[in-house]
Structures are given as C-alpha cells and as structure tokens.
Amino acid sequence: MRRMEMRAKHPLAIRWCHWVNFPLLALMIWSGILIYWANDVYRVGLGSFTVFSFFPEGFYHTFGVSHRLAQGMAWHFFFMWFFVINGIVYVTYTVLSGEWRCLVPTRESFREAVLVALHDLRLWKGTLPERKFNGAQQIAYSGVILMGFGSMVTGLAIYKPTQLYWLTSLLGGYQAARFEHFLLALGYVTFFCVHIAQVVRAGWNNFRAMVCGYELVSKEESANE
Amino acid sequence: MSEAKKQAAAADEAATGMREGEETPRTAAAENNATAATPANPEGNGRKAPDPITEPDLGASAARNEQVRRQMRRQSRRGFLGLAAGALAGFGAWEWLNSRREINGTPWPFRETLEVNEQLARDFFSARRLSPVFPARRISADRLNGDLGLDENVDLATWKLQVHGLASQDGSLALTLDAIKKLPRTEMTTELKCIEGWSAVVEWAGARFTDFMKAYPPETVSGGPFSLHHREDLPTYVSMETPDGGYYVGLDMESMLHPQTLLCYERNGQALTQEHGAPRK
C-alpha cells in the first residue's frame, strides 16, 4: 500500500509574489501597448515585405488601444513601482531563505533542460530528475527574473534618456533601448504561453501547490522504514 | 483483500496519478521533508514499524491516507479562498483607482504618482549630464510629425514672442526674432526623443534658455534679484504656447536651465519652416 503525504512545496512569500506579479505584469504590458501605439513601427519582415506587424489594425480596434498614450503612461508609471517592489521582495526572499538554491541553474541544468524539452515533445522517453524545479524550470524561472531586471533597466533608459545618457548609450541608444524593452515584453508573453501549457500538463497537484503551498505525494511503504 | 480495501488502494493509485511531470514521490528529499502527515512511531523507541502488508495495518494505512487527504483538502480550501480574496481585493483596488476624482483628466492616485515621479526626477536632475552629440553624418532624414498648433500661417515679418512673468515693469514683453538672435548663438547636434517613441538626430541652432533668462530675468519667488544659482527662488515651470494656442507645453525649471535647452530658430542649417514650428521652437 502507498502512503500519502502532504509535502510543503512553495513558501507563502513566493506564492504571494507570484500571484501579485501576475496582474501587475499584465497591466504593465497592457499600458505598454497603449504607449507603443503612438509609434508602432516594429514588424517581422524583410525589406518591404512584412510577415507580421505590431500591431495589426484589427488588434487596435478590438482592444480599443488607439489614442490612449497619456493614459498608458499614467498607468505604466504608476504600476512600475509595484512591479519593481514586488520583484525586489521576491529576489530578497529567495536569497535570504535559501530558496535560490532550487531556482538558480547549475552547470547540469542546461543539459537537463534539453532532456526536458525532448521529453515534453515526446522525443525522449527517459525519466526526468526528481527535484522541485528541473533544469528547464530553473533556467526559465531565473531567466524571467533577469528579464524583469532588463525591463527595469531598458525602461529607465527610455524614461530619462538624457539624465541617464550613459545607460541609454550602453544599451545602444534610445531606439535600441526601446526595442529591447519591447522584445522583453514579447518575451513575457512567450513565457506566459509556455508556462500555462506546462502547468496544464503538470496537472492539478502541481497547480494547487502554487495556491496552497502543499503537494500531495505518495510513497511506497517499506518494511525497513 | 476486501472490496473496501481494494477501493482504498485504487484511490491511492488515482491520487498518485494526479501528480505528474517533475514530481516523483520516492526521493530522498521527500523522505527528509515528509513530516506534515507522517504519524510518529507511537513507541518512539526506534523499533521497526509493524509490517504494512498485514491486514489490520493495511486498514490503518488507508485510514491514515484518508486523513492526509482531508488535511490536504482543508489546506487547499484555505489556499483557494485566500487567492479568491486576493483577486477580489485586486479587482476592487483597480475599480477604486479608476473611479477617483480626476485631476486634469487623470484619477488622482495616478496624478499624485506622476507628481512624485516628477519630484524624484527633479531631485536627481543634474544639468551636467548631457544628451550625447552626434556627427553631422548621423543627422536623420526629415520627419514631419503632425500639424498640431501650426494651423495658422505665421507672418514672420510681424511675429513676436510674447513673454510673461518677467521681473521688469509690468512683467510682459514682446520680442522680435532678431532680439532672440542677438543672444549668444548655440549650436548642437543632438537626438530629439519624442514622448511618442520616435527620435531624430537634428542639428539645432538657437539661444540657450539660460542666456535668454540672463537677458530677460523672470520674476523671482521672493521678489528679490534674479540668480540662476538660486533655483528655489525661480519659477517652478516655464510654459510655452504656439501662436494659434493649439499646442501648449509646461516644462520644469530644472530642464529649462539645462545647457542643451535652446530657444531654437534653425534646424539642420536652415531657418525653421512653417511645418517645423517657424519661426522659433
């Protein structure tokens, strides 16, 4: 007979930061789109041939994005504080609590991440490592924190390009910093899509742990325990 | 095995099946961390636990597993209620924020935050930090960005800059373009960064605003003599308006005192054209 156990997985502070970050990041991206609309020059294409433009007219129309630059800035420069503070709280907590040991990738993580990707694409049938976060997760969750830092830095560079001229120059100039800021936003959207797909795959027990902190595990009972 | 026990065992398997992906039950970490629901050895004397395969213990295990599940459900309910309360509070906060009394078209919490941001920017402002200058070959192609405030064709021969808030006489003055051109000429090739997100490298020529202030000192807060070094005694903002009143901008005094702030009358070696805000911007 297997023995059920409740195992503590995600500490309260991490769960709070995670769930607070979700609407904050969504609002930052949304208000960012309102600002971006005023000079919507980015596209995927070659020369005069455009595969996809950010954003098509239908997108602006559907979501009512147009002519809301001032409102977008008011929101962006309001929620930026909460976004950054939440990020600082999260990083401080993971460092002080030692949780960072589960999160920061090791040399092994990169090899392991490839296996995780192959496994998830049904191309590799081996067993994945038995840890709170596997290599792919470690890279993704640490990477997204670095992205957050990147958004703050590139954001500052386009917010005060003269006062922080050294930062703006370091990032390749005003237009480069703006593009980097935009790319990072695209990165969050990509992260979000993969994250949701993986959470759905991992199942209820895994999702519940991010809400209540505990997961249910079952262990083989052995006589010599 | 009795029917009831088979069901319990099946339920066990089902519960195990729920847990997929990266989690596996039989890890060393699990053994170490598993304290929440592990019953203590009643004797506490390090004796081996009873053989779990025997029938009565199987029943005890099933009961204990059921207890763990119940505890998990309790914990889970607490977690989801907390999340729902948080979501509700967040939604309420959002509604509250956007229904506040507006100051100049923006709900006051956002407006106040913008003011705080501005105060911070002013506190950390330094006129010594300069916008990078570019070589002439980096000058951007012409760009026209709308005609807001440029509706009226300005008669350059009769145009005068209306200045208010000066220290002298009645505080007002009308200046010809020639009067501004008589001030020391400053040239620079810098990047104009529009709040909309585009930018253009332009070669500017004009009078530094500080030179303008020295020639036409503003009224001070104290009413005493004007000095560029007593910033707190200077007006807080400088506002500018196009001749037709269609475009208006307010600028903080710190920015106006920056050495790269010009009253500009030439752009890329040419007098400003009507589309670029002639005769002066």
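Trainee: What share of the 225 residues of chain A count as buried?

Mentor: In this predicted model, 42% of them do. Buried means under 20% relative accessible area, exposed over 50%, and partly exposed in between, using a 1.4 Å probe and protein chains only. Some housekeeping: local features need pLDDT of at least 70, side-chain atom pairs count only at pLDDT 80 or more, and totals for chains, interfaces and linings use all residues. Residues are numbered from 1 along each chain as its sequence is written, chains are lettered from A and ligands numbered from 1 in the order in which they are written, and side-chain values use heavy atoms, without hydrogens or water.

Trainee: What makes up the secondary structure of chain A?

Mentor: Chain A has 9 helices and 4 strands. From the N terminus on, the order is β-α-β-β-α-α-α-α-α-α-α-α-β. The names come from DSSP runs, numbered from the N terminus: helices are H or I with at least four residues, strands are E with at least two.

Trainee: What does helix 4 of chain B look like by the same test?

Mentor: Helix 4 (residues 108–123) has 16 residues and reaches 22 Å from its first C-alpha to its last, close to the 22 Å expected. Buried residues in helix 4 of chain B include B:Phe110, B:Arg111 and B:Asn117.

Trainee: Which residues have the most contacts inside the largest nonpolar core?

Mentor: They are A:Tyr36, A:Phe54, A:Phe55, A:Phe79, A:Phe182 and B:Phe110, in a core of 29 residues. To join such a core, a residue must be a buried Ala, Val, Leu, Ile, Met, Phe, Trp, Tyr or Cys, linked through side-chain atoms within 4.5 Å. Helix 1 (12–36), helix 3 (69–97) and helix 8 of chain A each give two or more residues to this core. Helix 3 of chain A supplies the largest share, 9 residues. A second, separate core has 22 residues, among them B:Leu175, B:Ile180, B:Leu183 and B:Val238.

Trainee: Which residues does A:Phe54 touch?

Mentor: Leaving out residues up to four places away in sequence, A:Phe54 touches A:Tyr36, A:Asp40, A:Tyr42, A:Arg43, A:Val44, A:Tyr60, A:Phe182 and A:Leu186. Contact here means heavy atoms within 4.5 Å.

Trainee: What makes the peptide bond from A:Phe54 to A:Phe55 cis?

Mentor: Its omega is near 0 degrees. A:Phe55 sits in the loop between strand 3 and helix 2 (57–63) of chain A. Another cis bond joins B:Ala278 and B:Pro279, with omega about 0 degrees.

Trainee: How do you know that strand 2 and strand 3 of chain A are joined?

Mentor: Two strands pair if DSSP finds at least two bridges between them. Strand 2 (residues 43–46) and strand 3 (residues 49–53) have 4 bridges and run antiparallel, so they pass the cut-off. They form a hairpin with 2 residues between the strands, and A:Gly47 in the turn has a positive phi of about 60 degrees.

Trainee: Why do strand 5 and strand 10 of chain B stand at the edges?

Mentor: Their open sheet of 4 strands has the order 5-6-9-10, with antiparallel pairing. Strand 5 (185–193) and strand 10 (270–271) each have a single partner strand, so one side of each is left without a neighbour in the sheet. Strand 9 (residues 262–267) of chain B is joined to strand 10 by 2 bridges.

Key:
Expected span 1.5 Å × (residues − 1).
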